[in-house]
Amino acid sequence: GCHPKLRVLGDPAAEDFLDGLVEISRYWSKWGEGRQLGGSIGTACVGFTFDEDGTPRLEVFNPIWCNPSFLRPRGNMRLGALEVRWQVPLSVRLRPDEPYRTKWAWRRRLIDQQSDTLFHLVWTDDEINYVSKIDGELVFPSGGREPDWSDPRLVEETTEHGFGFCPAVWVPNLPSGDGDIYGEGDIDGSHDKIREIDELNSSSTSATKQNCAATVIFEGDAAVPDGLKKGGAWAVTKGSVKYLESTGSGPKAASERAKEVEKAFLECVECVLDVSTEAGPPKTATEIVQKMGPMLRKLYRLREQYSEHGHKPLAELLLKAAKSRLQRGLPVRVPPKETIIKGEPNTYTPRDLSTSQVDNLFLRTEWPLPVKPTLADITAAVTAMTALNLQGLTTIDAAVRWLAQFFGWENPDEIIDELEGAAELAGGAFGEEEGDGGGEEEEPTEGAEAG
(Lines give C-alpha, C1' and ligand atoms only; values in the text may rest on other atoms or scores of the structure.)
Protein backbone atom coordinates (compact mmCIF):
# COMPACT_ATOMS: atom_id res chain seq x y z
CA GLY A 1 0.00 0.00 0.00
CA CYS A 2 0.92 3.68 -0.02
CA HIS A 3 0.91 4.06 3.77
CA PRO A 4 3.94 3.39 5.97
CA LYS A 5 4.57 0.70 8.56
CA LEU A 6 4.71 1.95 12.15
CA ARG A 7 7.59 0.51 14.16
CA VAL A 8 8.11 0.77 17.93
CA LEU A 9 11.84 0.52 18.53
CA GLY A 10 12.88 -1.87 21.29
CA ASP A 11 9.34 -2.82 22.32
CA PRO A 12 7.85 -5.64 20.21
CA ALA A 13 4.82 -5.97 22.53
CA ALA A 14 3.89 -2.31 22.04
CA GLU A 15 4.40 -2.63 18.28
CA ASP A 16 2.21 -5.71 18.20
CA PHE A 17 -0.55 -3.97 20.16
CA LEU A 18 -0.24 -0.91 17.92
CA ASP A 19 -0.73 -3.14 14.86
CA GLY A 20 -4.04 -4.24 16.35
CA LEU A 21 -5.12 -0.66 17.10
CA VAL A 22 -4.20 0.44 13.57
CA GLU A 23 -6.19 -2.39 12.02
CA ILE A 24 -9.41 -2.02 13.99
CA SER A 25 -9.49 1.80 13.94
CA ARG A 26 -9.04 2.05 10.14
CA TYR A 27 -6.00 4.18 10.91
CA TRP A 28 -4.66 4.66 7.41
CA SER A 29 -8.06 5.10 5.79
CA LYS A 30 -8.84 7.98 8.16
CA TRP A 31 -5.42 9.49 7.61
CA GLY A 32 -6.16 9.39 3.89
CA GLU A 33 -9.21 11.60 4.57
CA GLY A 34 -7.11 13.89 6.72
CA ARG A 35 -4.43 14.21 4.07
CA GLN A 36 -7.10 15.04 1.47
CA LEU A 37 -8.32 17.93 3.63
CA GLY A 38 -4.74 18.98 4.33
CA GLY A 39 -3.89 19.08 0.63
CA SER A 40 -6.91 21.22 -0.21
CA ILE A 41 -7.16 23.48 2.87
CA GLY A 42 -3.57 23.49 4.10
CA THR A 43 -4.05 21.76 7.47
CA ALA A 44 -5.11 18.32 8.71
CA CYS A 45 -6.59 17.53 12.11
CA VAL A 46 -7.17 13.93 13.24
CA GLY A 47 -8.16 12.62 16.66
CA PHE A 48 -9.58 9.51 18.26
CA THR A 49 -12.08 8.30 20.81
CA PHE A 50 -13.17 4.95 22.22
CA ASP A 51 -16.64 3.43 21.89
CA GLU A 52 -18.39 1.86 24.87
CA ASP A 53 -17.05 -1.59 24.00
CA GLY A 54 -13.48 -0.25 23.82
CA THR A 55 -13.19 -0.04 20.04
CA PRO A 56 -10.86 2.83 19.04
CA ARG A 57 -12.35 5.14 16.44
CA LEU A 58 -10.46 7.82 14.53
CA GLU A 59 -12.11 11.15 13.72
CA VAL A 60 -11.18 13.60 10.97
CA PHE A 61 -11.97 17.24 11.74
CA ASN A 62 -12.36 20.01 9.20
CA PRO A 63 -9.75 22.62 10.24
CA ILE A 64 -12.01 25.40 8.98
CA TRP A 65 -14.29 24.82 11.99
CA CYS A 66 -11.49 24.17 14.51
CA ASN A 67 -9.92 26.50 17.06
CA PRO A 68 -6.80 24.79 18.45
CA SER A 69 -4.99 25.63 21.69
CA PHE A 70 -1.35 24.52 21.82
CA LEU A 71 0.94 23.56 24.66
CA ARG A 72 4.30 25.27 24.96
CA PRO A 73 6.60 25.26 23.15
CA ARG A 74 4.13 26.13 20.43
CA GLY A 75 6.42 24.87 17.67
CA ASN A 76 5.85 21.25 18.73
CA MET A 77 2.22 21.54 17.61
CA ARG A 78 1.00 19.59 20.67
CA LEU A 79 -2.64 20.29 21.32
CA GLY A 80 -3.80 21.28 24.78
CA ALA A 81 -7.43 21.60 23.69
CA LEU A 82 -9.45 21.56 20.49
CA GLU A 83 -12.67 23.50 20.01
CA VAL A 84 -14.78 22.42 17.05
CA ARG A 85 -17.66 24.73 16.17
CA TRP A 86 -19.78 24.55 13.05
CA GLN A 87 -23.19 25.67 11.82
CA VAL A 88 -26.11 23.29 11.30
CA PRO A 89 -29.07 24.08 8.98
CA LEU A 90 -32.49 23.47 10.54
CA SER A 91 -35.89 23.53 8.84
CA VAL A 92 -38.30 25.49 11.04
CA ARG A 93 -41.73 27.07 10.91
CA LEU A 94 -42.27 29.87 13.41
CA ARG A 95 -46.06 30.03 12.95
CA PRO A 96 -48.56 27.44 11.70
CA ASP A 97 -49.58 29.62 8.76
CA GLU A 98 -46.00 30.10 7.53
CA PRO A 99 -44.00 27.78 5.25
CA TYR A 100 -40.89 26.02 6.50
CA ARG A 101 -37.62 27.87 6.09
CA THR A 102 -33.97 27.24 6.87
CA LYS A 103 -32.35 28.73 9.94
CA TRP A 104 -28.85 28.13 11.27
CA ALA A 105 -27.66 27.03 14.68
CA TRP A 106 -24.25 26.60 16.28
CA ARG A 107 -22.97 23.16 17.26
CA ARG A 108 -19.94 23.12 19.57
CA ARG A 109 -17.59 20.42 20.84
CA LEU A 110 -14.67 20.91 23.20
CA ILE A 111 -11.94 18.28 23.60
CA ASP A 112 -9.34 18.92 26.29
CA GLN A 113 -6.85 16.89 28.32
CA GLN A 114 -9.48 15.30 30.57
CA SER A 115 -12.87 15.34 28.86
CA ASP A 116 -14.85 15.55 25.63
CA THR A 117 -17.89 17.84 25.84
CA LEU A 118 -20.71 18.21 23.32
CA PHE A 119 -22.97 21.27 23.61
CA HIS A 120 -26.61 21.80 22.68
CA LEU A 121 -27.50 23.66 19.49
CA VAL A 122 -27.70 27.47 19.79
CA TRP A 123 -29.40 29.78 17.27
CA THR A 124 -27.00 32.08 15.42
CA ASP A 125 -29.42 35.06 15.38
CA ASP A 126 -31.93 36.66 17.78
CA GLU A 127 -35.14 35.93 15.84
CA ILE A 128 -36.06 33.03 18.17
CA ASN A 129 -35.72 34.03 21.82
CA TYR A 130 -36.93 30.84 23.48
CA VAL A 131 -35.77 27.23 23.83
CA SER A 132 -36.94 25.25 20.80
CA LYS A 133 -37.11 21.55 20.12
CA ILE A 134 -36.30 20.59 16.53
CA ASP A 135 -36.32 16.90 15.54
CA GLY A 136 -35.93 15.89 19.17
CA GLU A 137 -32.98 18.23 19.85
CA LEU A 138 -33.04 21.27 22.10
CA VAL A 139 -32.02 24.57 20.50
CA PHE A 140 -31.21 27.45 22.83
CA PRO A 141 -31.51 31.17 22.05
CA SER A 142 -28.40 33.34 21.74
CA GLY A 143 -29.84 36.84 21.52
CA GLY A 144 -27.69 37.37 18.44
CA ARG A 145 -24.52 37.33 20.61
CA GLU A 146 -21.75 34.89 21.41
CA PRO A 147 -23.33 32.17 23.56
CA ASP A 148 -22.22 31.82 27.17
CA TRP A 149 -20.70 28.37 26.83
CA SER A 150 -19.98 28.23 30.56
CA ASP A 151 -23.74 27.94 31.18
CA PRO A 152 -24.25 24.32 32.35
CA ARG A 153 -27.66 24.23 30.62
CA LEU A 154 -25.90 24.29 27.25
CA VAL A 155 -23.95 21.09 27.96
CA GLU A 156 -25.56 18.13 26.24
CA GLU A 157 -23.03 15.41 27.10
CA THR A 158 -19.61 15.15 28.75
CA THR A 159 -17.31 12.14 28.51
CA GLU A 160 -14.43 11.99 30.97
CA HIS A 161 -11.67 10.20 29.07
CA GLY A 162 -8.99 10.96 31.70
CA PHE A 163 -6.03 10.54 29.36
CA GLY A 164 -4.14 13.59 30.59
CA PHE A 165 -3.70 14.84 27.03
CA CYS A 166 -5.84 16.04 24.14
CA PRO A 167 -6.42 12.97 21.89
CA ALA A 168 -5.84 14.76 18.58
CA VAL A 169 -3.00 16.07 16.42
CA TRP A 170 -2.68 19.17 14.25
CA VAL A 171 -0.65 18.90 11.02
CA PRO A 172 0.18 21.83 8.71
CA ASN A 173 0.25 20.35 5.20
CA LEU A 174 3.27 22.31 3.94
CA PRO A 175 4.69 24.67 6.60
CA SER A 176 4.39 28.30 5.59
CA GLY A 177 7.03 29.55 8.03
CA ASP A 178 7.01 32.24 10.74
CA GLY A 179 5.41 29.85 13.22
CA ASP A 180 2.06 29.90 11.44
CA ILE A 181 -0.14 27.02 12.59
CA TYR A 182 -1.85 26.87 9.20
CA GLY A 183 0.11 25.35 6.34
CA GLU A 184 -0.16 25.73 2.59
CA GLY A 185 -2.31 23.57 0.34
CA ASP A 186 -0.93 21.55 -2.53
CA ILE A 187 -1.95 24.11 -5.16
CA ASP A 188 -1.81 27.41 -3.27
CA GLY A 189 -0.93 30.26 -5.64
CA SER A 190 -2.17 28.41 -8.72
CA HIS A 191 -5.93 28.77 -8.52
CA ASP A 192 -5.92 31.46 -11.23
CA LYS A 193 -4.47 28.93 -13.68
CA ILE A 194 -7.27 26.47 -12.85
CA ARG A 195 -9.87 29.16 -13.60
CA GLU A 196 -8.14 29.99 -16.88
CA ILE A 197 -8.09 26.32 -17.92
CA ASP A 198 -11.79 26.02 -17.10
CA GLU A 199 -12.68 29.17 -19.06
CA LEU A 200 -10.71 28.06 -22.14
CA ASN A 201 -12.19 24.58 -22.16
CA SER A 202 -15.67 26.00 -21.66
CA SER A 203 -15.23 28.44 -24.56
CA SER A 204 -13.85 25.74 -26.83
CA THR A 205 -16.72 23.37 -26.06
CA SER A 206 -19.38 26.05 -26.47
CA ALA A 207 -17.99 27.26 -29.81
CA THR A 208 -17.74 23.70 -31.12
CA LYS A 209 -21.35 22.91 -30.20
CA GLN A 210 -22.72 26.10 -31.73
CA ASN A 211 -20.91 25.57 -35.02
CA CYS A 212 -21.34 21.84 -35.53
CA ALA A 213 -24.12 22.33 -38.13
CA ALA A 214 -23.30 24.15 -41.36
CA THR A 215 -24.85 27.58 -41.97
CA VAL A 216 -27.19 27.79 -45.01
CA ILE A 217 -26.43 30.74 -47.36
CA PHE A 218 -29.03 31.78 -50.00
CA GLU A 219 -27.78 33.96 -52.87
CA GLY A 220 -30.17 35.67 -55.31
CA ASP A 221 -32.64 38.53 -55.79
CA ALA A 222 -35.68 36.51 -54.81
CA ALA A 223 -36.92 36.30 -51.25
CA VAL A 224 -35.58 33.50 -49.09
CA PRO A 225 -38.11 30.65 -49.07
CA ASP A 226 -39.78 30.11 -45.72
CA GLY A 227 -38.36 27.18 -43.80
CA LEU A 228 -35.29 26.78 -46.00
CA LYS A 229 -32.82 24.59 -44.14
CA LYS A 230 -30.31 21.84 -44.63
CA GLY A 231 -31.94 18.52 -45.51
CA GLY A 232 -35.19 20.11 -46.69
CA ALA A 233 -36.89 19.12 -49.97
CA TRP A 234 -36.51 22.43 -51.78
CA ALA A 235 -36.08 23.32 -55.42
CA VAL A 236 -34.61 26.82 -55.74
CA THR A 237 -35.35 28.29 -59.18
CA LYS A 238 -34.02 31.77 -58.66
CA GLY A 239 -30.71 32.16 -56.87
CA SER A 240 -28.36 29.59 -55.34
CA VAL A 241 -27.81 27.89 -51.98
CA LYS A 242 -24.53 26.87 -50.35
CA TYR A 243 -23.27 25.87 -46.93
CA LEU A 244 -20.74 27.64 -44.74
CA GLU A 245 -18.75 25.11 -42.70
CA SER A 246 -16.87 26.06 -39.53
CA THR A 247 -13.08 25.71 -39.75
CA GLY A 248 -12.81 25.19 -35.98
CA SER A 249 -9.73 27.39 -35.73
CA GLY A 250 -11.09 29.28 -32.72
CA PRO A 251 -11.97 26.23 -30.57
CA LYS A 252 -8.71 24.57 -31.61
CA ALA A 253 -6.69 27.59 -30.50
CA ALA A 254 -8.55 27.63 -27.17
CA SER A 255 -7.86 23.93 -26.60
CA GLU A 256 -4.15 24.34 -27.39
CA ARG A 257 -3.92 27.31 -25.03
CA ALA A 258 -5.66 25.28 -22.29
CA LYS A 259 -3.02 22.55 -22.67
CA GLU A 260 -0.23 25.12 -22.35
CA VAL A 261 -1.76 26.57 -19.20
CA GLU A 262 -2.28 23.06 -17.79
CA LYS A 263 1.38 22.23 -18.37
CA ALA A 264 2.43 25.43 -16.58
CA PHE A 265 0.05 24.63 -13.73
CA LEU A 266 1.44 21.11 -13.27
CA GLU A 267 5.01 22.42 -13.25
CA CYS A 268 4.04 25.06 -10.68
CA VAL A 269 2.50 22.50 -8.28
CA GLU A 270 5.30 19.95 -8.93
CA CYS A 271 3.08 17.29 -10.47
CA VAL A 272 4.11 14.87 -13.21
CA LEU A 273 1.29 13.01 -14.97
CA ASP A 274 2.90 11.43 -18.03
CA VAL A 275 6.01 9.26 -17.78
CA SER A 276 5.30 7.11 -20.83
CA THR A 277 7.44 6.79 -23.93
CA GLU A 278 6.16 6.83 -27.50
CA ALA A 279 8.67 4.18 -28.59
CA GLY A 280 11.23 1.90 -27.09
CA PRO A 281 11.21 -0.56 -24.19
CA PRO A 282 9.25 0.11 -20.97
CA LYS A 283 10.95 2.42 -18.52
CA THR A 284 12.58 1.05 -15.41
CA ALA A 285 11.74 2.33 -11.94
CA THR A 286 14.98 4.32 -11.89
CA GLU A 287 14.09 6.12 -15.12
CA ILE A 288 10.60 6.86 -13.82
CA VAL A 289 12.04 8.28 -10.60
CA GLN A 290 14.33 10.56 -12.60
CA LYS A 291 11.36 11.77 -14.67
CA MET A 292 9.23 12.33 -11.57
CA GLY A 293 11.97 14.14 -9.66
CA PRO A 294 10.06 17.34 -8.75
CA MET A 295 6.94 15.45 -7.66
CA LEU A 296 8.96 12.98 -5.58
CA ARG A 297 10.75 15.82 -3.78
CA LYS A 298 7.37 17.18 -2.76
CA LEU A 299 6.21 13.67 -1.82
CA TYR A 300 9.18 13.22 0.52
CA ARG A 301 8.46 16.56 2.21
CA LEU A 302 4.84 15.56 2.74
CA ARG A 303 5.82 12.12 4.04
CA GLU A 304 8.15 13.61 6.63
CA GLN A 305 5.66 16.30 7.64
CA TYR A 306 2.78 13.89 8.19
CA SER A 307 4.98 11.27 9.84
CA GLU A 308 6.57 13.63 12.37
CA HIS A 309 3.48 15.71 13.18
CA GLY A 310 0.71 13.20 12.47
CA HIS A 311 1.23 9.46 12.14
CA LYS A 312 3.79 8.92 14.89
CA PRO A 313 2.40 11.36 17.50
CA LEU A 314 -1.17 10.09 17.12
CA ALA A 315 -0.02 6.45 17.29
CA GLU A 316 1.89 7.22 20.49
CA LEU A 317 -1.17 8.93 21.99
CA LEU A 318 -3.32 5.97 20.96
CA LEU A 319 -0.99 3.56 22.78
CA LYS A 320 -0.94 5.76 25.89
CA ALA A 321 -4.74 6.00 25.87
CA ALA A 322 -5.08 2.23 25.52
CA LYS A 323 -2.67 1.68 28.41
CA SER A 324 -4.57 4.21 30.55
CA ARG A 325 -7.89 2.49 29.89
CA LEU A 326 -6.50 -0.96 30.66
CA GLN A 327 -5.00 0.24 33.94
CA ARG A 328 -8.41 1.66 34.95
CA GLY A 329 -10.17 -1.58 34.09
CA LEU A 330 -11.80 -0.23 30.92
CA PRO A 331 -11.93 -2.40 27.77
CA VAL A 332 -9.73 -1.90 24.72
CA ARG A 333 -10.86 -3.95 21.76
CA VAL A 334 -8.14 -5.14 19.37
CA PRO A 335 -8.05 -8.20 17.10
CA PRO A 336 -5.88 -11.13 18.25
CA LYS A 337 -2.47 -11.72 16.74
CA GLU A 338 -2.49 -14.29 13.96
CA THR A 339 0.50 -16.60 13.70
CA ILE A 340 0.93 -18.56 10.48
CA ILE A 341 3.00 -21.75 10.69
CA LYS A 342 3.61 -23.66 7.50
CA GLY A 343 1.77 -26.96 7.48
CA GLU A 344 -0.11 -26.24 10.72
CA PRO A 345 -3.38 -24.45 11.60
CA ASN A 346 -3.13 -20.72 12.22
CA THR A 347 -2.96 -19.72 15.88
CA TYR A 348 -4.53 -16.62 17.49
CA THR A 349 -3.18 -15.09 20.69
CA PRO A 350 -4.41 -12.01 22.62
CA ARG A 351 -2.27 -8.92 22.36
CA ASP A 352 -0.72 -7.72 25.62
CA LEU A 353 0.35 -4.19 26.54
CA SER A 354 1.02 -4.75 30.25
CA THR A 355 4.81 -5.05 29.91
CA SER A 356 5.26 -1.94 27.73
CA GLN A 357 6.44 1.42 29.01
CA VAL A 358 4.33 3.63 26.79
CA ASP A 359 5.63 6.87 28.35
CA ASN A 360 9.01 6.56 26.66
CA LEU A 361 8.45 5.14 23.20
CA PHE A 362 10.44 5.73 20.04
CA LEU A 363 8.44 5.26 16.85
CA ARG A 364 9.62 5.01 13.27
CA THR A 365 7.70 5.07 10.01
CA GLU A 366 8.92 2.84 7.18
CA TRP A 367 7.52 3.97 3.84
CA PRO A 368 7.27 1.81 0.72
CA LEU A 369 9.11 2.76 -2.44
CA PRO A 370 7.36 5.62 -4.28
CA VAL A 371 7.60 3.73 -7.57
CA LYS A 372 7.10 -0.03 -7.70
CA PRO A 373 10.02 -1.82 -9.36
CA THR A 374 9.40 -3.38 -12.74
CA LEU A 375 10.17 -6.98 -13.64
CA ALA A 376 13.42 -5.82 -15.24
CA ASP A 377 14.42 -4.06 -11.99
CA ILE A 378 13.69 -7.15 -9.90
CA THR A 379 15.57 -9.46 -12.27
CA ALA A 380 18.61 -7.19 -12.31
CA ALA A 381 18.57 -6.90 -8.49
CA VAL A 382 18.36 -10.66 -7.95
CA THR A 383 21.14 -11.30 -10.49
CA ALA A 384 23.40 -8.72 -8.86
CA MET A 385 22.88 -10.02 -5.32
CA THR A 386 23.37 -13.62 -6.44
CA ALA A 387 26.69 -12.74 -8.05
CA LEU A 388 27.85 -10.85 -4.95
CA ASN A 389 26.87 -13.74 -2.70
CA LEU A 390 28.74 -16.29 -4.84
CA GLN A 391 31.87 -14.12 -4.67
CA GLY A 392 31.56 -13.82 -0.89
CA LEU A 393 30.99 -10.05 -1.02
CA THR A 394 27.67 -10.14 0.85
CA THR A 395 25.70 -12.35 3.21
CA ILE A 396 22.30 -13.99 2.90
CA ASP A 397 21.01 -11.69 5.64
CA ALA A 398 22.08 -8.51 3.83
CA ALA A 399 20.89 -9.80 0.45
CA VAL A 400 17.40 -10.71 1.71
CA ARG A 401 16.97 -7.40 3.50
CA TRP A 402 17.99 -5.47 0.39
CA LEU A 403 15.72 -7.53 -1.89
CA ALA A 404 12.77 -7.11 0.53
CA GLN A 405 12.05 -3.64 -0.88
CA PHE A 406 11.62 -5.09 -4.38
CA PHE A 407 9.35 -7.97 -3.39
CA GLY A 408 7.40 -6.16 -0.67
CA TRP A 409 8.44 -8.56 2.11
CA GLU A 410 7.22 -7.11 5.39
CA ASN A 411 9.08 -9.62 7.57
CA PRO A 412 12.42 -10.56 5.99
CA ASP A 413 13.57 -12.18 9.25
CA GLU A 414 11.29 -15.16 8.62
CA ILE A 415 12.75 -15.66 5.15
CA ILE A 416 16.29 -15.40 6.53
CA ASP A 417 15.53 -18.02 9.18
CA GLU A 418 14.11 -20.40 6.56
CA LEU A 419 17.12 -19.97 4.27
CA GLU A 420 19.60 -20.47 7.10
CA GLY A 421 17.70 -23.54 8.27
CA ALA A 422 17.70 -24.99 4.78
CA ALA A 423 21.44 -24.34 4.50
CA GLU A 424 22.09 -26.14 7.80
CA LEU A 425 20.06 -29.14 6.70
CA ALA A 426 21.88 -29.27 3.39
CA GLY A 427 25.25 -29.07 5.13
CA GLY A 428 24.32 -31.86 7.57
CA ALA A 429 23.15 -34.14 4.79
CA PHE A 430 26.35 -33.65 2.87
CA GLY A 431 28.36 -34.40 5.99
CA GLU A 432 26.50 -37.65 6.58
CA GLU A 433 27.03 -38.78 3.01
CA GLU A 434 30.71 -38.09 3.26
CA GLY A 435 30.92 -40.05 6.51
CA ASP A 436 29.02 -43.01 5.11
CA GLY A 437 30.79 -43.25 1.83
CA GLY A 438 34.36 -42.69 2.79
CA GLY A 439 36.09 -43.42 6.05
CA GLU A 440 39.75 -43.88 6.76
CA GLU A 441 41.34 -46.97 5.19
CA GLU A 442 42.17 -49.77 7.60
CA GLU A 443 45.80 -50.36 8.11
CA PRO A 444 46.93 -53.96 7.18
CA THR A 445 47.63 -56.26 10.09
CA GLU A 446 50.98 -57.80 10.69
CA GLY A 447 51.66 -60.92 8.70
CA ALA A 448 49.37 -60.02 5.96
CA GLU A 449 50.79 -60.63 2.61
CA ALA A 450 50.40 -58.26 -0.19
CA GLY A 451 48.39 -59.65 -3.00
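Which residues of H2 are buried? I noted first that this is a predicted model. I then listed the buried residues of H2: Tyr27, Trp28, Lys30, Trp31, Gly34, Gly38 and Gly39.

Next I looked up what covers them. The cover includes strands S1 (5-8), S2 (43-50), S3 (56-61) and S12 (168-172). Helices H1 (12-24) and H6 (293-327) are also among the covering elements.

I checked the length of H2. The helix runs over residues 27-41, which is 15 residues, so at 1.5 Å a residue it should span 21 Å. Its end C-alpha atoms are 21 Å apart, which agrees. Just after H2, I found Gly42 with a positive phi of about 115 degrees.

Then I turned to the cores. The largest nonpolar core has 35 residues, and Tyr27, Trp31, Phe48 and Leu319 have the most contacts inside it. S1, H1, H2, S2, S12 and H6 each give two or more residues to this core. H6 gives the most, with 9 residues.

Leaving out residues up to four places away in sequence, Leu319 touches Val8, Ala14, Phe17, Leu18, Leu21, Leu353, Val358 and Leu361. A second, separate core has 13 residues, including Phe70, Leu79, Cys166 and Ile181.

Last, the cysteines. How many disulfides does the structure hold? I found 0. For Cys45, the nearest cysteine sulfur is that of Cys66, 4.7 Å away. Cys45 has 1% relative accessibility, so I put it down as buried. Cys268 has 42%, so I put Cys268 down as partly exposed.

Notes. Residues numbered from 1 in each chain as written. Predicted model: local features only at pLDDT ≥ 70, side-chain atom pairs only at ≥ 80, totals over all residues. Heavy atoms only, no water. Helix = DSSP H or I, 4+ residues; strand = E, 2+ residues; numbered from the N terminus. Expected span 1.5 Å × (residues − 1). Buried < 20%, exposed > 50% of the residue type's maximum accessible area, 1.4 Å probe, protein only. Contact = heavy atoms within 4.5 Å. Core = buried A, V, L, I, M, F, W, Y, C linked by side-chain atoms within 4.5 Å. Disulfide = S-S within 2.5 Å.
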